[in-house]
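I opened this entry to look up two things.

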Amino acid sequence: MPKTKVQKKEILNVLKQKMADMKSAVFVNFSGIPVKEINDLRNICKEENISYIVAKKTLLKKALSEYGLSDIQDDYFSGEVATVIGFEDEVKPAKLVSVFAKEHEKMKILGGVLEGALIDEGKVKFLAKLPSKPELLAQAVGSLAAPLSGLVQVLSGNLRNLVYVLSAIGEKK
């Protein structure tokens, strides 16, 4: 059943709102994947505060052009296209889709949006290999703390050696 103009306008408004709030998005072709498995992906997305939206390609292109990405070729979106939009972390949607695509060979990553620019499939897969933001922050803190803990160990080692020397002198006397 075709959508009415009101329904299309509502879908377009939802897409524009989500794109205004997004950190990143990934476009996937989900042709040939059973509905049950797509619903599993939707549930995982919901748990991770990620939107999974299926809209007509013309509405998606229109929303992207209003977002500032008007240089999309007609062949960029092939098959049945879904948009996976992340609001908290730039890496989460790419990781989620990449893991799902490994389990379901029929799912194809088409590209995405990162920092207001279109990215291709290769960049999405590269993004999926990056650690998440909390992991990167933990690595940065560990790198900053390592020299300090080394300094503390060196200084405490000198004090420890002084105590050993003094105790050895005390045992001699």
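I began with the term: on a 1 Å grid over the protein atoms alone, a pocket is an open set of points where a 1.4 Å probe fits, with protein on both sides within 12 Å along at least five of seven lines. A volume is the space filled by probe spheres set on the points, joined across faces, edges and corners.

I noted that this is a predicted model, where local features need pLDDT of at least 70, side-chain atom pairs count only at pLDDT 80 or more, and totals for chains, interfaces and linings use all residues. Residues are numbered from 1 along each chain as its sequence is written, and side-chain values use heavy atoms, without hydrogens and water.

**Pocket.** I read about 210 Å³ of space in the largest pocket. Lining residues have an atom within 4 Å of a point; among them are K95, S98, M107, I109, E121 and K129. Helices (H or I, at least four residues) and strands (E, at least two) are DSSP runs, numbered from the N terminus. α4 (92-103), β4 (108-114) and α5 (121-129) each give two or more residues to this lining. α4 gives the most, with 5 residues. By class I found 5 nonpolar, 1 polar and 6 charged residues in the lining.

**α4 and α5.** Next I checked this pair. Their axes, lines fitted to C-alpha atoms over the stretch in contact, come within 8 Å and cross at roughly 100 degrees. That makes α4 roughly perpendicular (65 to 115 degrees) to α5. Contact means heavy atoms within 4.5 Å. A94, K95 and S98 of α4 meet V124, L127 and A128 of α5.

**α1 and α3.** Helix α1 (residues 5-21) and helix α3 (residues 57-67) pack at about 45 degrees, axes 9 Å apart.

Conventions. Ala, Val, Leu, Ile, Met, Phe, Trp, Tyr, Cys and Pro count as nonpolar, Asp, Glu, Lys and Arg as charged, and the others, Gly among them, as polar. Axes are lines fitted to C-alpha atoms, for helices over the stretch in contact, and angles run from 0 to 180 degrees between N-to-C directions. Angles under 35 degrees count as roughly parallel, over 145 as roughly antiparallel, 65 to 115 as roughly perpendicular and the rest as oblique.
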